[in-house]
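Q: Could you walk me through this one while I have it open on the screen? I'll ask as I go.

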Amino acid sequence: MRLLSLLSVLQLHLSLVSRSHVRATTVSSLPAKGVVEYSLPAAAETHEILAVSDNLLLISQQTDGSLLKVSLDGNGRPAGARKWTPTSQWSGLHGLTLHSGSGGNASGSTVWATVQFDNAILQIDPSGDDINSQPKVINTIPIPSPAFGPHAVLENNGNLWITCKDSSHVVRISISNPDDHQVWAVSGRPIFVAVHPTSGDVFSSLDLSSKIWHYNNDGGSGNEIAIPPEKGNTPVGLVAGPDGNAWVALLGNSTTGTGTFGRINKDASINWFTLSSAIGSTAGLIHMAFGQDPTQFWLLGSSTACASCVNAVFTVRIDTLSTGGTASPRIAVQNSIVLPTQRSWTHRIISHGGSLYLTELKTSTFAHVSGAAMNGLNVSETWDQYSDYGLGLKAQGIDYNNTLY
C-alpha cells in the first residue's frame, strides 16, 4: 500500500510539474501569416493603390479609366468596393498621390491622378469615405509639350513631379501656377519619381534603359546612373523612405529576377542588397512599402517580367554591421509571404494602419496581408533556427490571438 501510495504521489507531482512547465512557457501569438485576396469590379488591368483615410482606399484601373473606392472596417479588413469613372473609360487613369493642401470646396482630402491617355493631371475629390458617393474632378492640369503620357505623380513642396512614360520625359509643374514648369528628356522609360528626403535631389527609375535619372536642382539636365549588370536590371519602384534615403527595386528580366534592391544615399551613391533566401534570391522586385520603423520595410515580388517569378511579399529588416572599424548596412532578417494566386502580376503595395494592401494587375484582385510575419519576425529564413524549427515559437504552449483577423 505504501508503495502504491508513493507511486501515486510521484505521478501527481510529475503531473503538476508538467502543468506548471506548460503554463510557464505558454505564449500568445498572432497568426503567422494572413493573406486574403478580394475580387474587385472586373477590368483588364488593376494598377495603383492609395490610402486616403483610416477607412478608405482608392485603386486605379487604367484600362477602363476607373477609380475604385474601397472601404475598410475597424480592423482594416476590406468591407466593400465601388467602381467610378471620373472622366471617361478612355482616359487611362493611373497614378495616384495625396494632395497636401486643401481642396477648396472638397469634402476632405483630395487626390492627384494621372490620366495617361488624356495627357493631364486631375485633382479629384473622393467625396468622403462613403463608397457610394461619387468622386468629383475639381481641377485639371494639362501636361506641357513635348511631354505626353503621364504615368506616376508625386507632390513635393508645392510642385507636382510627373513621369511621362510614353514620351520619356520627367516634368515639374507648380501647383499654384502651372505655367511655371520644367521638362527633362530622359532615357526610356521613366516609371517612378521620388524626392530624396535628405538631399532634396530628384530621382526617377528608367525601366527599359536600366538607369536611374538624377537631378540635383541646379537647373541642368540631370545625369543618369546605370544599374550594375551584376546586380540586375529594370528599376521600377523608387520611393522615399523614413530613414532619410530613397530606395529602388529591380524587377529583373523575362528569365529571372535577382532579389535585388538599392538604397540611394544623400550623395547619390547606392548601397545594393540582395535577398538570399531560397524564395527571395530569384524574385523580381517591383515595389516597396514603409511603415514607422525606418529599419523595416516590405518588398513586393512580381511575375510581371518573369512568368516563373514568385508573387510574394518580403519582410526585410536592415541593420549596420561593423567590420574592421567600418560600418556597412546589411539585411539582418528576411521573411516571405507568398500570395495564393501566382502569375497575377502583383503591382503596388502600401502599408496602412498596421496592415499591407497590394494590387494584382492581371486578376482584378487586391490582397490584405497581416500577421506576425508581416509585422516583423525575429527569425530569418536564412538562419539555422529557421532550418530546424521554421516559424515555431520557443514555448510548450501557444494561445492564438485572432481578435484582429
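Q: How do strand 2 and strand 29 pair, and over how many bridges?
A: Strand 2 and strand 29 (residues 365-370) pair in the antiparallel sense over 6 bridges, where strands are DSSP runs of E of at least two residues and helices are runs of H or I of at least four, both numbered from the N terminus. Two strands are taken to pair if DSSP finds at least two bridges between them. This is a predicted model, in which local features need pLDDT of at least 70 and side-chain atom pairs count only at pLDDT 80 or more, while totals for chains, interfaces and linings use all residues. Residues are numbered from 1 along each chain as its sequence is written, and side-chain values use heavy atoms, with hydrogens and water left out.

Q: Which residue is the bridge partner of G34?
A: The bridge partner of G34 is S370, in strand 29.

Q: What sheet does that belong to, and which strands stand at the edges?
A: It is an open sheet of 4 strands in the order 2-29-28-27, with antiparallel pairing. Strand 2 (34-39) and strand 27 (346-352) are at the edges with a single partner strand each, so one side of each has no neighbour in the sheet. From one strand to the next, the twist averages 20 degrees, taking axes as lines fitted to C-alpha atoms (for helices over the stretch in contact) and angles from 0 to 180 degrees between N-to-C directions.

Q: And zooming out, how many helices and strands are in the chain?
A: The chain has 3 helices and 30 strands, and its C-alpha trace spans about 100 × 55 × 35 Å along the principal axes. Of the 405 residues, 50% are buried, where buried means under 20% relative accessible area, exposed means over 50% and partly exposed lies in between (1.4 Å probe, protein chains only).

Q: How many residues of strand 3 are buried?
A: In strand 3 (residues 49-53), 4 of the 5 residues are buried, so the strand is mostly covered. A hairpin through 2 residues joins strand 3 to strand 4, and the two run antiparallel with 4 bridges between them, strand 4 being residues 56-61. I49, for instance, has I59 in strand 4 as its bridge partner.

Q: Switching to aromatics, how many pairs are there?
A: The structure holds 13 aromatic pairs, counting rings of Phe, Tyr and Trp (its six-membered ring) whose centres lie within 6.5 Å, with planes under 30 degrees apart called stacked, over 60 edge-to-face and the rest tilted. W184 and Y215 form a tilted pair, at 4.7 Å centre to centre and 50 degrees between the planes. W184 is in strand 14 (residues 181-185) and Y215 in strand 17 (residues 211-215), so this pair ties together parts 31 residues apart in sequence.

Q: Are those two buried or exposed?
A: W184 is buried at a relative accessible area of 5%, and Y215 also counts as buried, at 3%. Another pair is F261 with F297, whose ring centres are 5.7 Å apart and whose planes stand at 85 degrees, so it is edge-to-face. F261 lies in strand 21 (residues 260-264) and F297 in strand 24 (residues 296-301), so the pair links parts 36 residues apart in sequence.

Q: Which aromatic cluster do they sit in?
A: F261 and F297 belong to one aromatic cluster with W247, F273 and F290. F261 is buried at 0% relative accessible area, and F297 is buried at 0% as well.

Q: What about salt bridges, how many are there?
A: The count comes to 8 salt bridges, each being a side-chain nitrogen of Lys or Arg within 4 Å of a carboxyl oxygen of Asp or Glu. One of them joins D64 to K83, with the closest N and O atoms 2.8 Å apart. D64 lies in the loop between strand 4 and strand 5 (66-72) and K83 in strand 6 (residues 78-84), so the pair ties together parts 19 residues apart in sequence.

Q: Buried or exposed, that D64?
A: D64 counts as buried at 18% relative accessibility, whereas K83 is partly exposed at 30%.

Q: Where do D207 and R189 lie?
A: Their side chains meet in a salt bridge (2.8 Å, N to O). D207 is in the loop between strand 16 (202-206) and strand 17, and R189 in the loop between strand 14 and strand 15 (190-195), so parts 18 residues apart in sequence are tied together. D207 is buried at 9% relative accessible area, while R189 counts as partly exposed at 25%.
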